[in-house]
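Q: I would like to learn how to read the features of a model, one residue or element at a time. Where do we begin?

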Amino acid sequence: MDAMQAILARKSTRSYKEDPIDEETLRAILEAGMAAPVGSGAYDSLHLAVVQDKALFSQINTAVSDMIFKMMGKRMDKSFGAPVMVFVSSKPAMVPGMEYANAACVAENMAIAATGLGIDSIVWAAASVAVAQSEELLEKLAIPEGFTPLLCISLGYGAGNEKPRKHEIAVSFLHGEKDCVIRV
């Protein structure tokens with residue numbers, strides 16, 4: 001699958017089979033994340049924590065469920081059942097907000113690479129927020145001092161037949177004579 005096909009085929013998968021991802025494939029996905037563009041080349045400001053432990057998944061899911069309950073007053077299971085979770089953490093950036101852009105680039109590179117390798121994924125923030133609020137989980141995930149989890153990408157083989165959705169974002173073409181906004 002070429003890069004454009006992988007980009008267009010990527011989808012957010014919310015239900016996974018228990019089948020593990022082989023180590024070579026997982027390493028390739030992580031390598032893609034490490035090839036992401038990072039502001040000022042500050043790769044040392046980022047950290048990846050790879051979780052493949054079912055007991056830890058359960059603790060993370062409980063923390064997410066508790067956090068959502070506090071915010072929305074209802075319980076939600078956000079475990080998805082994926083056999084791998086990768087947390088992207090960052091130190092604060094010199095330019096405010098740059099750490100979020102960096103984390104998003106890393107996560108998206110991993111998601112596109114995963115798609116190209118036949119692995120499904122979902123990039124989500126709730127697990128990272130829940131982990132960031134728990135000293136116990138920060139320690140268990142070996143998140144270094146001064147780093148904050150910003151995004152999580154869950155990886156595995158999808159259990160359903162989810163199809164990529166068509167998304168539209170307004171695009172402004174500004175070329176001087178006749179500016180316009182169109183939908184591509």
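A: Begin with serine 58, which is placed in helix α3; helices (H or I, at least four residues) and strands (E, at least two) are DSSP runs, numbered from the N terminus. The model is a predicted one: local features need pLDDT of at least 70 and side-chain atom pairs count only at pLDDT 80 or more, while totals for chains, interfaces and linings use all residues. Residues are numbered from 1 along each chain as its sequence is written, and side-chain values use heavy atoms, with hydrogens and water left out.

Q: Is serine 58 buried, exposed or partly exposed?
A: The classes rest on relative accessible area: under 20% is buried, over 50% is exposed, and partly exposed lies in between (1.4 Å probe, protein chains only). Serine 58 has 44%, so it is partly exposed. For a distance in space, take alanine 93: from serine 58 it is 35 residues away in sequence and 31 Å away, C-alpha to C-alpha.

Q: How do I read a nonpolar core, and which residues have the most contacts inside the largest one?
A: In soluble globular proteins, nonpolar side chains tend to be buried together. A nonpolar core is a set of buried Ala, Val, Leu, Ile, Met, Phe, Trp, Tyr and Cys residues joined through side-chain atoms within 4.5 Å. The largest core here has 25 residues, and Ile60, Met85, Phe87, Trp124, Ala127 and Leu141 have the most contacts inside it. Two or more residues each come from β1 (46-51), α3 (54-72), β2 (84-90), β3 (120-124), α5 (126-132) and α6 (135-140). Helix α3 gives the largest share, seven residues. Another core, of 21 residues, lies apart from this one and includes Ile21, Leu26, Val106 and Ala114.

Q: Which residues does isoleucine 60 contact?
A: Contact means heavy atoms within 4.5 Å. With neighbours within four places in sequence left aside, isoleucine 60 is in contact with Met85, Phe87, Ala127, Val131, Leu137 and Leu141.

Q: Which charged residue sits over a ring?
A: The test is that NZ of Lys or CZ of Arg is within 6 Å of the ring centre and within 35 degrees of the ring normal. Arginine 75 has its charged end over the ring of phenylalanine 69, 4.5 Å from the ring centre.

Q: At what angle do helices α2 and α4 pack?
A: Axes are lines fitted to C-alpha atoms, for helices over the stretch in contact, and angles run from 0 to 180 degrees between N-to-C directions. Helix α2 (residues 23-34) packs against helix α4 (residues 98-116) at about 140°, with the axes 7 Å apart. At this contact, Ile29, Leu30, Ala32 and Gly33 of α2 meet Val106, Asn109, Met110, Ala113 and Ala114 of α4.

Q: Which residues have a positive phi without being glycine?
A: Most residues other than glycine have a negative phi, and most peptide bonds are trans. Serine 40 has a phi of about 60° and lies in the loop between α2 and β1. Its relative accessibility is 84%, so serine 40 counts as exposed. Alanine 142 has a positive phi of about 55°, and is placed in the loop between α6 and β4 (148-156).
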